Each structure stands twice: as C-alpha cells, then as structure tokens.
Amino acid sequence: MRGDSLDEAVQLPATDTPGPERMAHSAEIERRVQAALNGLSPLERAAFTLRHYEGRSIDEIGTTLGLGTSAAKHSVFRAVKKLRVALAPLRSQES
C-alpha cells in the first residue's frame, strides 16, 4: 500500500443495506401505493394487478374478468389514470 493515500487505504466496504431514512421513505411510498390501489374499484384494481403485476395481456385480462377487450383496456386505463393522480405528490417530493 506504499504511496496510497490514507483515504484510499481506509475504504469501508460497500453495503446493500439501506439506511433508516431510505427505509422510512420506502415504507411511506408503499403505504401511499397501497392506499391508492385501495381507492380503485374492485374491477380496476383487478385489471391493473393482472396487467402490471402479473404481465397479462389485455385479451387475458378480458377473459379472466369476463370482459370484452375494449372494457378490459378501459379498466386498465382508468386504473392507471387514477393511480397517477393519487401518486403525483410522490413525484413532486423527488424533485
């Protein structure tokens, strides 16, 4: 280590463990997302979950929920629109 500066010699190992502030922020985001999802109608919540959490196609969502393709698409669209509005304050906090 000859010639190395003290800063280079005394490096703490990197950690993947988030600090308390990051954990608190993540918990707040999770709480707000859950509240926003709970604000959707049951149909919108199901359509959104199938599309964005399970990766189902619009046709699969329609079949699963007993909807036509257009109704399934509109249910997902309405859910996304409502979630964007409900979660907009989180985006402004990041700036």
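Helices (H or I, at least four residues) and strands (E, at least two) are DSSP runs numbered from the N terminus. Residues are numbered from 1 along each chain as its sequence is written, and side-chain values use heavy atoms, without hydrogens and water. The model is predicted: local features need pLDDT of at least 70 and side-chain atom pairs count only at pLDDT 80 or more, whereas totals for chains, interfaces and linings use all residues.

The axes of α2 and α3 come within 10 Å and cross at roughly 130 degrees. Axes are lines fitted to C-alpha atoms, for helices over the stretch in contact, with angles from 0 to 180 degrees between N-to-C directions. The two helices α2 and α3 are therefore oblique to each other; angles under 35 degrees count as roughly parallel, over 145 as roughly antiparallel, 65 to 115 as roughly perpendicular and the rest as oblique.

## Phe48 and the aromatic pair

Phe48 counts as buried at 12% relative accessibility, while Tyr53 counts as exposed at 54%. Buried means under 20% relative accessible area, exposed over 50%, and partly exposed in between (1.4 Å probe, protein chains only). Beyond its neighbours within four places in sequence, Phe48 is in contact with Leu37, Tyr53, Ala79, Val80 and Leu83.

One aromatic pair is found in a search of the whole structure. The ring centres of Phe48 and Tyr53 are 6.0 Å apart and the planes stand at 80 degrees, so the pair is edge-to-face. Rings of Phe, Tyr and Trp (its six-membered ring) pair if their centres lie within 6.5 Å; planes under 30 degrees apart count as stacked, over 60 as edge-to-face and the rest as tilted.

## The nonpolar core

The largest nonpolar core has 15 residues, and those with the most contacts inside it are Leu37, Leu40, Phe48, Ile58, Ile61, Val76 and Leu83. Two or more residues come from each of α2 (20-38), α3 (42-53), α4 (58-65) and α5 (69-94). Helix α5 gives the largest share of this core, seven residues. Such a core is a set of buried Ala, Val, Leu, Ile, Met, Phe, Trp, Tyr and Cys residues joined through side-chain atoms within 4.5 Å.

Leu40 is placed in the loop between α2 and α3 and is buried, with a relative accessible area of 5%. Not counting residues up to four places away in sequence, Leu40 touches Arg45, Ala79, Lys82 and Leu83. Leu40 and Lys82 are 42 residues apart in sequence, with a C-alpha to C-alpha distance of 7.4 Å.

Glu44, in helix α3, counts as buried at 3% relative accessibility. With residues up to four places away in sequence left out, Glu44 touches Ser75, Arg78, Ala79 and Lys82.

Ser75 is found in helix α5 and counts as buried at 1% relative accessibility.

## Overall composition

The secondary structure comprises five helices and zero strands, in the order α-α-α-α-α from the N terminus. Of the 95 residues in the protein, 19% are buried. Among contacts with a separation of 6 or more, 51% join residues 24 or more positions apart.

Key: Contact = heavy atoms within 4.5 Å.
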